[in-house]
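Please open the structure in your viewer and keep the sequence panel alongside it. The stops below say what to select next and what can be found there.

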Amino acid sequence: MSDLHKSGEDYLEAVLFIEEQKGRVKSVDIAKYLGVSKPSVNKALTILQEMGYVSKPNYGEVTITEEGRSKAKAVAAKHVALTKLLIDVLGVSPETAERDACKIEHDISQETSEKLLAYVEKIK
């Protein structure tokens with residue numbers, strides 16, 4: 001995910017999650033989900049659109065591209081694996097594990113990510 005910063009990854013992950021939950025994504029839903037302002041969402045979505053990760057008309061629903069979906073799923077997989085590891089292996093409370101996983105998911109290498117996912121799969 002070297003071409004995306006933490007916030008870009010968070011926005012993509014939010015778009016994917018909202019789409020899975022509601023079937024459609026609006027800027028206001030993203031703002032509410034992330035706890036940010038609508039202008040912040042619009043700025044982020046413009047950048048993500050320029051990168052080819054989402055399609056965002058001036059008004060209407062946001063759609064995620066296949067490339068955006070792939071990146072969002074990779075971030076989400078790291079998040080889930082980290083949360084599971086923190087809770088199940090280290091005994092961290094679910095609330096703390098969720099917060100910490102969100103912080104860690106953006107900073108680990110591809111190698112560590114792959115090893116983590118393999119480990120969590122093995123302990124299931």
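Begin by selecting Lys6 and Asp10, which form a salt bridge whose closest N and O atoms are 2.8 Å apart; the term is used here for a side-chain nitrogen of Lys or Arg within 4 Å of a carboxyl oxygen of Asp or Glu. The model is a predicted one, in which local features need pLDDT of at least 70 and side-chain atom pairs count only at pLDDT 80 or more, while totals for chains, interfaces and linings use all residues. Residues are numbered from 1 along each chain as its sequence is written, and side-chain values use heavy atoms, with hydrogens and water left out.

Lys6 and Asp10 are 4 residues apart in helix H1, and are therefore separated by about one helical turn. Helices (H or I, at least four residues) and strands (E, at least two) are DSSP runs, numbered from the N terminus. Lys6 is partly exposed at 43% relative accessibility, whereas Asp10 is buried at 14%; buried means under 20% relative accessible area, exposed over 50%, and partly exposed in between, with a 1.4 Å probe and protein chains only. Leaving aside neighbours within four places in sequence, Asp10 is in contact with Leu34, Cys102, Glu105 and His106, contact being heavy atoms within 4.5 Å.

Next, select H1 (residues 6-22) together with H4 (66-89). H1 and H4 pack at an angle of about 95°, with their axes 8 Å apart, and are therefore roughly perpendicular to each other. Axes are lines fitted to C-alpha atoms, for helices over the stretch in contact, and angles run from 0 to 180 degrees between N-to-C directions; under 35 degrees counts as roughly parallel, over 145 as roughly antiparallel, 65 to 115 as roughly perpendicular and the rest as oblique. On the H1 side Glu9, Leu12, Glu13, Leu16 and Glu19 meet a set of H4 residues that includes Gly68, Ala72, Val75 and His79. Glu19 also belongs to a network of salt bridges that links it with Glu66 and Arg69.

Now select Val54, which lies in strand E1 (residues 54-55) and is buried, with a relative accessible area of 3%. Not counting residues up to four places away in sequence, Val54 touches Leu12, Leu45, Leu48, Gln49, Val62, Thr63, Ile64 and Thr65. The C-alpha atoms of Val54 and Val15 are separated by 8.9 Å, although these residues are 39 apart along the chain.

Which residue forms a salt bridge with Arg24? Selecting Glu61 shows the partner, with the closest N and O atoms 3.7 Å apart. Arg24 lies in the loop between H1 and helix H2 (27-34) and Glu61 in the loop between E1 and strand E2 (63-64), so the pair ties together parts that are 37 residues apart in sequence.

Finally, move to H4, where Lys84 and Asp88 lie 4 residues apart, about one turn of the helix, and form a salt bridge with the closest N and O atoms 2.6 Å apart. From there, select Leu90, in the loop between H4 and helix H5 (94-104), which is exposed, with a relative accessible area of 58%.
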